Each structure stands twice: as structure tokens, then as C-alpha cells.
Amino acid sequence: MASEMSLHHYGKPLVCTYSGGKDSDVMLELFRRSGIPFEVHNSHTTADAPQTVRHIRETFYRMELEGIPCEIQMPTYKGERTSMWKLIPKKLMPPTKFVRYCCEVLKENSVKNRYIATGVRWSESTKRKSRGEFEKIGKTRKDVENFSTVMLLEDNTSKRRMTELCMQKNTMVVNPIIDWTYTEIWEFIRSEGIEVCDLYDCGYDRVGCIGCPMAGKKRYREFADFPAYKKLYLHAFDRMLKERTRRGKESTWSSAEEVFLWWMEDNNIPGQLSIEDFPEVMP
Ligand code: SF4
């Protein structure tokens with residue numbers, strides 16, 4: 001139905017948005033089997049792990065051999081190419097759970113005036129039964145008139161619906177696997193032999209941006225596995241502090257390291273030594 005509506009209203013095929021994660025791989029496989037015309041789109045976040053970027057490129061290569069149009073879109077901000085590391089100094093603060101400006105710029109800004117499909121799924125909640133089947137998404141309260149919560153397209157909450165409308169971007173959204181459980185996703189992947197990102201074999205249960213504030217304490221492992229990304233964040237925080245000073249903004253942080261600890265919700269004092277720094281005294 002979404003495909004028919006896309007062809008009818010937009011005059012173009014449905015867009016399968018693809019992040020390189022397992023849910024995207026399942027959705028892409030359903031698209032392949034459906035027989036509908038579709039395009040695949042990935043927003044390059046600049047903070048994805050190398051394994052995720054490689055998986056996206058390999059998947060797109062296979063899709064294009066099947067004649068399916070695929071696009072990897074580089075992010076822009078105010079008309080210029082951008083990245084997570086450029087955005088942080090511009091926004092004067094690190095992205096947080098509550099201020100996810102990065103998602104808005106790096107992931108959500110790309111497909112406009114189209115009917116798109118996302119791989120979001122409901123989190124376990126009984127609240128999902130309490131709302132209707134159709135929902136509006138937007139950035140401001142005005143955008144989502146008569147709807148009390150503002151969300152981003154990436155959000156996996158119980159408030160998501162099978163079919164949605166983004167007022168800001170004139171975009172319609174269908175979430176075909178919204179009611180799939182975690183177990184159903186993995187059973188489908190295993191039984192159908194679907195290739196997924198290598199990171200899942202390394203014990204990761206999500207493969208989004210390294211250091212995503214939504215990942216909470218899981219970021220400690222991410223930065224242990226990908227120390228170069230920690231350096232990129234520290235450099236970005238350093239440039240952010242300089243930019244704050246240049247613009248006359250007060251800061252409670254005195255160094256990039258302090259910003260990093262605050263951002264990681266780590267209560268240690270900067271420079272404090274950890275017992276792990278002295279393996280010779282470890283039992
Ligand atoms: S997934 Fe996380 S880190 Fe990546 S753009 Fe979205 S909020 Fe930011």
C-alpha cells in the first residue's frame with residue numbers, strides 16, 4: 001500500500017532507508033521479496049564504525065548488481081559538507097540524549113518530499129495500544145499539532161506507528177517491521193542467511209554511531225574498541241571550548257578531557273589514576 005501511495009502521491013518509488021544495522025538488513029530483504037519498485041538510501045553519519053561503513057558499501061554493491069538504485073548521501077549543514085566533528089564546535093555543546101542535533105543534521109535531513117520506510121521497532125510497552133494508527137512527526141509542538149511528544153525518525157519508541165507523516169519535510173513514513181520483536185529479527189536473519197555487519201559477531205547489539213549518547217554506558221566498550229574515535233571527540237571538544245571562548249560563552253569545563261568525562265557521565269576527577277592503569281599491581 002505504501003508503494004502504491006508513493007507512486008501515486010510523489011510519482012516516485014518508496015525509499016528504503018538503510019543504516020547498516022540488523023533491522024535495516026531485515027527490512028531491505030523484505031523489500032527485495034516484495035516485488036515493488038524501490039530505492040535504497042543511506043545517510044553517511046561520519047561517526048559509524050569502519051565495519052558498518054564497509055557493510056553498507058558491500059550491501060549497496062550487491063543491490064546495484066541486482067539493478068536496485070542505492071545512494072549514500074554525505075551530510076551538509078547550512079549548505080556546507082559537515083561531519084560529527086565539525087558540528088560539535090558549531091553547536092557549542094556535545095550531542096546528548098536530550099539534544100540530538102547530530103541525528104537531525106547527519107541522518108534526518110536527507111530525504112525530503114518522498115515516501116520513506118524506516119526500520120524502527122516498538123520497544124516493549126503496553127502504551128502502544130493507547131494511540132491511533134496514524135501519527136505526525138516534527139520538530140516543534142506546532143509541527144505536531146494535537147500530538148504531545150516530538151520525536152526523530154530514528155526513535156524506537158512505543159509511540160511510533162506503522163504509518164506516519166512528517167509535516168516539516170513533506171515526507172510520509174512507513175515502518176514495516178514496527179511490531180517485530182528482537183527474537184523475530186534474529187530468527188529471520190539466521191533462517192534466511194542474511195548478511196549483517198561484522199560487529200554483531202563481536203558481541204555488539206547495536207551498530208550505530210560510535211559514542212552515540214543514546215548508547216549510555218555501552219560507549220565505554222565502543223571507545224575501548226575504537227580509540228581513534230575517542231581522539232576525534234576530544235579534538236572536537238577542544239575546538240568547541242575554543243569556539244565558546246571566542247563567542248564569549250562561559251564554560252564550566254576547563255579541558256576537552258573534562259567535557260568528555262561529563263559527556264560519558266563519569267564522575268571521576270580528570271587526571272585521576274585508575275587501578276587498571278597499573279597492570280603490575282593487579283591481582
Ligand atoms: S545515532 Fe546517535 S550519535 Fe548518531 S547521529 Fe543519531 S543521536 Fe547522533
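What follows is a tour from the whole chain to single residues.

**Before you click**

This is a predicted model, so to speak of a local feature pLDDT has to be at least 70, and side-chain atom pairs count only at pLDDT 80 or more, while totals for chains, interfaces and linings use all residues. Residue numbers start from 1 along each chain as its sequence is written.

**The whole chain**

Start with a cartoon of everything: the protein has nine helices and nine strands. Both kinds are DSSP runs numbered from the N terminus, with helices (H or I) of at least four residues and strands (E) of at least two. Of the 283 residues, 32% count as buried. Buried is for a residue with 20 or more other C-beta atoms within 10 Å of its own, exposed is for 12 or fewer, and partly exposed is in between, with C-beta atoms placed from the backbone. Among contacts with a separation of 6 or more, 66% come from residues 24 or more positions apart. A contact here is a pair of residues whose C-beta atoms, placed from the backbone, lie within 7 Å.

**Strand S1**

Select residues 14-17, which make up S1, and show side chains. Leu-14 and Cys-16 point one way, Val-15 and Thr-17 the other way, and all are buried. In a regular strand the side chains alternate between the two faces of the sheet.

Strands pair when DSSP finds at least two bridges between them. Check the partners in S2: Leu-14 has Phe-38, and Cys-16 sits opposite Val-40. To get from S1 to S2, the chain passes through helix H2 (residues 22-34) in a right-handed β-α-β crossover. Right-handed means that, with the strands pointing away from the viewer, the path from the first strand over the helix to the second runs clockwise.

**On to S2 and S3**

Why is S2 largely enclosed by the rest of the structure? Five of its six residues are buried, so the surroundings close over most of it. Next, bring in S3 (residues 70-73), parallel to S2 with four bridges between them. S2, helix H3 (residues 50-65) and S3 form a right-handed β-α-β unit.

Zoom in on Gln-73, a residue of S3 that stands opposite Ser-43. With 14 other C-beta atoms within 10 Å, Gln-73 is partly exposed. Leaving out residues up to four places away in sequence, Gln-73 touches His-41, Ser-43, His-44 and Ser-110. Draw a C-alpha to C-alpha distance from Gln-73 to Ser-110: it is 7.2 Å, across 37 residues of sequence.

**Two loops with a positive phi**

Most residues other than glycine have a negative phi, and most peptide bonds are trans. Go to Thr-46 in the loop between S2 and H3: its phi is positive, near 75°. Thr-46 has 19 C-beta neighbours inside 10 Å and so counts as partly exposed.

Then jump to Lys-78, between strand S4 (76-77) and strand S5 (80-81). Its phi is also positive, about 50°. Buried or exposed, Lys-78? With 7 C-beta neighbours inside 10 Å, Lys-78 counts as exposed.

**The ligand**

Show the ligand and the 13 residues around it; Arg-100, Cys-102, Cys-103, Cys-209 and Cys-212 come nearest. A residue belongs to this group if its C-beta atom, placed from the backbone, lies within 6 Å of the molecule. By class, the shell has eight nonpolar, two polar and three charged residues. Nonpolar covers Ala, Val, Leu, Ile, Met, Phe, Trp, Tyr, Cys and Pro; charged covers Asp, Glu, Lys and Arg; the others, Gly among them, are polar.

Pick Arg-100, in the loop between helix H4 (84-91) and helix H5 (101-107). Arg-100 is partly exposed, with 19 C-beta neighbours inside 10 Å. Pro-213 is 113 residues from Arg-100 in sequence, yet their C-alpha atoms are 8.2 Å apart.

**Last stop: H9**

Select H9 (residues 256-263) and colour its buried residues, Ala-256, Val-259 and Phe-260. Look down the axis of H9: these buried residues fall within an arc of 100°, so they line one face of the helix. The arc is taken over the directions from the helix axis to the C-beta atoms. Finish at Glu-265, after H9, with a positive phi near 55°.

Definitions and conventions
Contact = placed C-beta atoms within 7 Å.
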